[in-house]
Amino acid sequence: MRTGREWLYWNFVAENERTNIRRRQAEGIMAAKMRGVRFGRPSIPLPDNFDEIRKNWREGKIQIKEAAEACNMKAKTFYSKAVKYEKEKSLKN
């Protein structure tokens, strides 16, 4: 059976190891970002006719569900892509 001091010792060792792991992981992530590595799921490329579909949707000619289906994406994805597209477009002008 372990004594109180042994538990304290092993608790310290485990905590110290977790701290080292987190530090090494953060260093690795930072080094990867410096090399230009991109994290996360790759974004879905926009179809060639996205701007036309987006305009028709904004003008009320088609519903968002129809616009999303024309782009082969879900309605929420279409909406977020449309908002991001419009935001980037307005920043360029």
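I'll start with charge. In this chain there are 22 positive and 12 negative charges, and their mean positions lie 5 Å apart. Keep in mind that this is a predicted model.

Next, the fold. The chain has four helices and zero strands, so from the N terminus on, the order of elements is α-α-α-α.

Now the overall dimensions. Along its principal axes, the C-alpha trace spans about 75 × 30 × 20 Å. The radius of gyration of the chain is 25 Å, whereas a compact globule of 93 residues would have one near 12 Å.

What share of the 93 residues is buried? Buried residues make up 13% of them. The chain exposes about 8,400 Å², and carbon and sulfur atoms supply 54% of that area.

There is still a core to look at. The largest nonpolar core has nine residues: F50, I53, W57, A67, A68, C71, M73, F78 and A82. At least two residues of this core come from each of α2 (50–58), α3 (64–70) and α4 (75–92). Which helix gives the largest share of this core? That is α2, with three residues. As background, nonpolar side chains in soluble globular proteins tend to be buried together.

Leaving out residues up to four places away in sequence, A68 touches M73, K74, A75 and F78.

Last, contacts across the chain. Take those between residues at least 6 apart in sequence: 48% of them join residues at least 24 apart.

That is all I have.

Notes
Residues numbered from 1 in each chain as written. Predicted model: local features only at pLDDT ≥ 70, side-chain atom pairs only at ≥ 80, totals over all residues. Heavy atoms only, no water. Rg over C-alpha atoms; globule rule 2.2 N^0.38 Å. Buried < 20%, exposed > 50% of the residue type's maximum accessible area, 1.4 Å probe, protein only. Contact = heavy atoms within 4.5 Å. Areas by Shrake-Rupley, 256 points an atom, 1.4 Å probe, with all protein chains shown as cover. Lys, Arg positive; Asp, Glu negative; His and termini not counted. Charge placed at Lys NZ, Arg CZ, Asp CG, Glu CD. Core = buried A, V, L, I, M, F, W, Y, C linked by side-chain atoms within 4.5 Å.
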